[in-house]
Amino acid sequence: ELYPDYDFIHSNFTDYLSAVKAELPKNVGNVFGELTSQETDGWFTLANTASTRVYLKQWNTKVSHQLEKIAEPLASMAYEITGKYPTDQLTYAWKTFMQNHPHDSICGCSVDEVCREMIPRFEKANEVGKYVEEEAKNQLVSEIDTSVFPKDSFPFVVFNTSGTEKAGLVKIDVEVDRIPFSSLYPTDGYNKLSEKKSKKYHVINQFGERMAAIVSDEKIRFNYDLPKDKFREPYMEKYVTVTVAMEQMPGFSWESFALVKADYESNQESMVIDNGFGLENEFIKLKIENQGSIQITDKQTNKTLSNLLIFEDVGDIGNEYVFKQPSEDQAILSTQFPFEVIVAEDNGLEAKIILKNKMLIPESANKLLKEEQEKIVDFRYR
């Protein structure tokens, strides 16, 4: 009614592109590279807001992963058993989550009050995602047959919630003993668990084959169950942390394992080299260089990359949308300062070293920036 000279068609990308190509003029301009400067000098494309209020981007990634990569796949797996899907819960989580996605919100360039309001939304959506995950896992685990394992073992399940085959290390805490508060006062329960002789364990699969795994020493902590029909049931728990090496695990699948008592300790080969300043396995050799950067060699291709993991700090006199480095500004690099190296893990399955940098950087720009802001000097000319 508004545009009687036009015919509107509800179409799709394939048909649309075909129609555009059919009506293209002979002389069409070409644009090469990133589309960050069309119609402008490149300043007004919001290209720099990806690093604005990083904590919001971190929350956004965390919640989207919880909903997309954990809660929804597990709920879909559980549907095969229950015939029910948590549509209402996930709809609420997604609608709450998407309220943080208007472009000034997720860009982090709104006022502080707007950005503070985003955190409760992220938290609500994340909690719903965790609830859906827990419900689905409980439904699945209750149907998994673990009778193939020894009676005195401790079965556990590993899920692959992605749609592709996966390999890698999985960590899971496995309870080996507990004393409820209803049986003993918490302190007495803790003491009774700690007095019991510590045991060693190894991991087997459903065929009784020993798995490549690392099992930590026994530890004790407070924990609780939340039954649907009664109040919280607290207890003291003795547990171990199990690290299992998974290989070629199909997408949307699960595998059962069990923790069994071992009468011997396994000796694992170290992957830490150069007195803690390097890591090496059959594929990769990593070295921390003298100035605190990283060098990595791919042993399969014999290609080496140097000067990695260097942090840089520069000034910013732009605004909440656009980054602008001050003229004649000098970058401050982490390689200009002392560093510390700590071996965090070396158990034969995985090795980790912490490279801790401590940089001295300016607190802020000088008073000229404040003066230019008060004069409403366009950021391009500050």
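**Close-up views of a predicted model**

**Helix 2, its span and its bend.** In this predicted model, the 29 residues of helix 2 should span 42 Å at 1.5 Å a residue, and the end C-alpha atoms lie 40 Å apart, which agrees. Helix 2 bends by about 30° at alanine 71, with proline 73 following within four residues. Just after helix 2, glycine 83 adopts a positive phi of about 75°.

**A nonpolar surface patch that includes valine 28.** Phe13, Tyr16, Leu17, Val20, Leu24 and Val28 together make a nonpolar surface patch of about 610 Å². Valine 28 belongs to the loop between helix 1 (13-22) and helix 2 (54-82), and its relative accessibility of 43% makes this valine partly exposed.

Aspartate 173 pairs with arginine 221 in a salt bridge whose closest N and O atoms are 3.1 Å apart. Because aspartate 173 lies in strand 2 (residues 166-180) and arginine 221 in strand 5 (residues 219-225), the pair ties together parts that are 48 residues apart in sequence. A salt bridge also joins the side chains of aspartate 225 and arginine 178 (3.1 Å, N to O); here aspartate 225 is in strand 5 and arginine 178 in strand 2, so parts 47 residues apart in sequence are tied together.

**Arginine 221 and glutamate 237.** Arginine 221 also forms a salt bridge with glutamate 237, with 2.7 Å between the closest N and O atoms, and this pair links strand 5 to strand 6 (residues 233-249) across 16 residues. Glutamate 237 is buried at a relative accessible area of 4%, whereas arginine 221, at 27%, is partly exposed.

Methods: Residues numbered from 1 in each chain as written. Predicted model: local features only at pLDDT ≥ 70, side-chain atom pairs only at ≥ 80, totals over all residues. Heavy atoms only, no water. Patch = residues over 30% accessible without salt bridge, like charges linked within 9 Å, V, L, I, M, F, W, Y side chains within 5 Å. Areas by Shrake-Rupley, 256 points an atom, 1.4 Å probe, with all protein chains shown as cover. Salt bridge = Lys/Arg side-chain N within 4 Å of Asp/Glu carboxyl O. Helix = DSSP H or I, 4+ residues; strand = E, 2+ residues; numbered from the N terminus. Buried < 20%, exposed > 50% of the residue type's maximum accessible area, 1.4 Å probe, protein only. Expected span 1.5 Å × (residues − 1). Bend = angle between axes of the 7 residues up to and from the residue.
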